[in-house]
Amino acid sequence: MAINANESQCELSIQARTLMGPGPSDVPARVLAALGQPTVGHLDPQFVALMDETKRLLQYLFQTKSELTLPISAPGSSAMEACFVNLLEAGDKVIVCRNGVFGLRMTENVERSGAQAVTIDDEWGQPVSLDKLAEAIKANPDAKVIAFVHAETSTGAQSDAQAIAKMAQDAGMLTIMDCVTSLGGTPVKIDEWGIDAAYSGSQKCLSCVPGIAPITFGEKAQQVIQNRKQKVQSWFSDQNLIMAYWGGGAKRAYHHTAPVNNVYALHESLLMIKKEGLEIAWARHAQNHQALKAGLQVMGIEFVVDEAHRLPQLNAVTIPEYADDAATRSQLLSEFNLEIGAGLGALAGKVWRIGLMGHSSSQHNVEFCLNALETSLLAQGGQFEKGAAIAAAQAVYQNAKQSTAVS
């Protein structure tokens, strides 16, 4: 089949959505434009220079100086696996903190690595219990790693990463932290907290296209990887090999063909975060959460997670008894081109997950979501005043402006 070089118009047509689910989030136009830059070879000097810049930007995002900081050429689930297969060997013991779906997936990774998982479970919607963790550490002093989810995407709960890391350090254990949903939306401070290995994803608070995953390993974790008794089970995920490609300097050893255009997009999204500033980005997510909360409460919608442990960027809320879960989400998608997420696991059919991540975290999206939900819920018998939800959200923004003006 001949290819007409003059045919520059793409024939694919996809309806745009406002993405306010658990991910992906809305991707800014400039990130999509970066994705469309000319593809070059994965060892091209232009791309090698971009690799170095991307690494420095990821170090800023993770708040780390670790040189073993890079984007895995695969989604966040692959970065999760990379942490476990690099740090674990057969017979190792891992304390896995589970308070949602992704803690369960950590257990799978431990067991598939030939290691032993010691699990501590907390109710979905609760943070990791430090008391339970202390008991598990005392009962298993020979554990090598403590694994936990900083921001549990299935529930919207955030755990105390700094306290968990301190407990691991005192016990002589390593930490593996899932920060897929927290990175870029709430504070993640790898070096300050003493986290040994952490991974994230591109499609949540980074507002990049899916399919590429930031990861970082601290000095102690690097020593473990370098001094393994056996080869890493996964050739592709072996960080000893990958660093020959992602390490510093102009000369790079071929490991795999990197997703060049995805790295362009990630680089652009990281530049946007750097320009905004991490602290400002964290504050933006927090303010939009407060506005969304005010509007939802007017409609009688409550949160699953207590305020003290709640993620501003991932809002798990209870579905009103009179509302039809699937029908509501379907209506939002078909009539408003708005995506919100369903519940997972134990929370399936009980909650909606409303994302305010990255580029999706804006006053416009908060008000748009509240208006769409209001329309759907009033039609299903909701007992609240039309327009009151948006008015409550706008009051939050107005108060914030006044506070800023005074200060």
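Visitor: Where does Q63 lie?

Guide: Q63 lies in the loop between α2 and β2. Keep in mind as we go that this is a predicted model.

Visitor: Why does Q63 count as partly exposed?

Guide: Its relative accessibility is 31%. Buried would need a value under 20% and exposed one over 50%, so Q63, at 31%, counts as partly exposed.

Visitor: What is the phi of Q63?

Guide: Phi of Q63 is near 60°, a positive value in a residue other than glycine. Most residues other than glycine have a negative phi. S207 also has a positive phi, of about 50°, and is not a glycine. You will find S207 in the loop between β9 (197-199) and β10 (213-217).

Visitor: Why is S207 called buried?

Guide: S207 has a relative accessibility of 3%. The cut-off for buried is under 20%, so S207 counts as buried.

Visitor: And what makes E321 exposed?

Guide: The relative accessible area of E321 is 85%. Exposed means over 50%, so E321 is exposed. E321 sits in the loop between β11 (314-318) and α12 (325-336). From E321 to K350 there are 29 residues in sequence and 9.2 Å in space, C-alpha to C-alpha.

Visitor: Why are α11 and α13 called roughly parallel?

Guide: The two helices, α11 and α13 (residues 363-379), pack at an angle of about 15°, with their axes 10 Å apart. Angles under 35 degrees count as roughly parallel, so α11 is roughly parallel to α13. The crossing of α11 past α13 is right-handed.

Visitor: Which residues of α11 and α13 meet?

Guide: On the α11 side they are N288, A291, L292, G295 and L296, and on the α13 side Q363, V366, L370 and L373. By class, this contact of α11 with α13 has 6 nonpolar residues, 3 polar and no charged.

Visitor: How do you know that α10 is mostly covered?

Guide: Of its 17 residues, 12 are buried. Among them are V260, Y264, L266 and I273. The buried residues of α10 pack against α1 (29-35), α2 (45-62), β2 (69-72) and α11 (278-298).

Visitor: How does the reach of α10 compare with the expected span?

Guide: From its first C-alpha to its last, α10 (residues 260-276) reaches 25 Å, close to the 24 Å expected. After α10 comes G277, with a positive phi near 100°.

Visitor: What makes the peptide bond from G23 to P24 cis?

Guide: Its omega is near 5°, and the bond is cis. Most peptide bonds are trans. P24 lies in the loop between β1 (18-19) and α1.

Notes
Residues are numbered from 1 along each chain as its sequence is written. This is a predicted model: local features need pLDDT of at least 70, side-chain atom pairs count only at pLDDT 80 or more; totals for chains, interfaces and linings use all residues. Side-chain values use heavy atoms; hydrogens and water are left out. Helices (H or I, at least four residues) and strands (E, at least two) are DSSP runs, numbered from the N terminus. The expected span of a helix is 1.5 Å times one less than its number of residues. Buried means under 20% relative accessible area, exposed over 50%, partly exposed in between (1.4 Å probe, protein chains only). Contact means heavy atoms within 4.5 Å. Axes are lines fitted to C-alpha atoms, for helices over the stretch in contact, and angles run from 0 to 180 degrees between N-to-C directions. Angles under 35 degrees count as roughly parallel, over 145 as roughly antiparallel, 65 to 115 as roughly perpendicular and the rest as oblique. A crossing is left-handed if the near helix is turned anticlockwise from the far one by less than a right angle, and right-handed if clockwise. Ala, Val, Leu, Ile, Met, Phe, Trp, Tyr, Cys and Pro count as nonpolar, Asp, Glu, Lys and Arg as charged, and the others, Gly among them, as polar.
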